[in-house]
Amino acid sequence: MRADIVVLPGDGIGPEVTTAAVAVLKAVGKRHGHEFRFTEHLIGGAAIDATGEPLPSATLDAARKADAVLLGAVGGPQWSDPKAKVRPEQGLLAIRKALGLYANLRPVKPHSVALGASPIKPHLLQGVDLIVVRELTGGIYFGDKTRSADSASDLCTYSVGEIERVVRRACELARTRRGKVTSVDKANVLETSRLWREVATRVVAEEFPDITLEHQLVDSMAMHLLAKPREYDVIVTENMFGDILTDEASMLAGSLGLLPSASLGEGRVGLYEPIHGSAPDIAGKGIANPYATILSAAMLLRHSLGLEVEAACIELAVDKALDAGVHTADIASAGRAANTAAATAAVLEQLQAHCYVAELRD
Ligand code: NAD
Ligand code: IPM
Ligand code: MN
């Protein structure tokens, strides 16, 4: 297959982790006979420095024409002046919105490395396999903002249609898993959450009678997620709750550097990025964990290109690299930590060793 993949390295550790993921995609492409074409474009702080804008039109045009987009991270202290008119993060929000990527899938299935790396007790982590479907183009992130000398506001709005489509996506996903959806809101306080709960209840009753739906308030969800993570299958929630709960959920896996994501809309083009940020504290040192971005590349193959076998190969190779003890500093328990290059090399080596499935199939 031929595919055009737009790569947006962004800021901080973004370029370090996308370099790793592109190397893995190239290796998989070569091994399985695919022609992946990569073109790099600017986003975030790097784009502001070069063009004055966080999402230059050349980047958006390229993304619209591509089969998929792979992104590192945006942001950093040099662009974080509270008085700044343009911010790197606006570029990320704008590309998600422009491409209509309303469903952000964030799977959490801890590898056994978590037993040492996570602050959560090991017996709670065994058997955890959940996925958060985060609404990505609505809510408080995108409502009108106001600012005067002595007050500020951010409007949170959701329409019925916005809630319906993301709940449907979550239910469809649940049908391929354990058939359970937990809808998270703050319906005891927020009007948007009361609408969310009403719509989620109706969509499941009318269209997904086979799905078990439960509602959970976001504050207690934050607690249950750590106390009984095994109970959850698909969690669907609004934009900001999903952002916060998934950084929390990364502690079930052991590090932010292990969680990938896929942002999907109605079309085929999706955007794939780790859930972590630009990690300014470790940027430029070559020590970032590349596994989250490499696993995001696997999601890209699965969701945008339909290459399930190749996606599974990457996931297996990351698993095996972790099994082999190739751990970056964020997850290393004792001894020397691997750097980004060594972790990437380990995945490439494991691909060579284990991913012959496509050859058998052919
Ligand atoms: P962060 O996710 O960048 O970092 C939080 C902590 O996790 C840091 O200690 C960092 O070193 C560590 N970490 C993150 N990814 C890692 C990796 N791959 N390997 C090893 N350690 C890793 O969050 P932050 O510090 O709150 O934000 C920094 C900047 O990133 C901000 O400008 C923020 O807006 C931006 N950000 C961007 C995205 C994105 O582009 N999708 C996501 C989150 C934050
Ligand atoms: C993420 C990030 C972004 C978000 C920021 C950088 C805009 O935290 O992708 O999780 O809040 O969506
Ligand atoms: Mn986030």
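A polar contact is a pair of N or O atoms within 3.5 Å; within protein, one must be able to donate a hydrogen and the other to accept it, and residues adjacent in sequence count only if both atoms are side-chain atoms. This is a predicted model, where local features need pLDDT of at least 70, side-chain atom pairs count only at pLDDT 80 or more, and totals for chains, interfaces and linings use all residues. Residues are numbered from 1 along each chain as its sequence is written, chains are lettered from A and ligands numbered from 1 in the order in which they are written, and side-chain values use heavy atoms, with hydrogens and water left out.

**Stop one: the ligand.** Select ligand 1 and Glu89: an N or O atom in the Glu89 side chain is 2.5 Å from an oxygen atom of the ligand. Next, pick Gly277, where a polar backbone atom is 2.7 Å from an oxygen atom of ligand 1. Then try Glu273, with a polar side-chain atom 2.9 Å from a nitrogen atom of ligand 1.

**Stop two: the domains.** Colour domain 1 (1–105 + 258–362) and domain 2 (119–253) separately; these bounds come from an automatic or database domain assignment. Their centres, taken over C-alpha atoms, are 24 Å apart.

**Stop three: where they meet.** Domain 1 and domain 2 bury about 1,500 Å² between them, 65% of it on carbon and sulfur atoms. Buried area is the accessible area (1.4 Å probe) that two parts lose on being put together, summed over both. Now select Tyr102, Asn104 and Leu105 in domain 1: they lose the most area to domain 2, together 40% of what that side buries.
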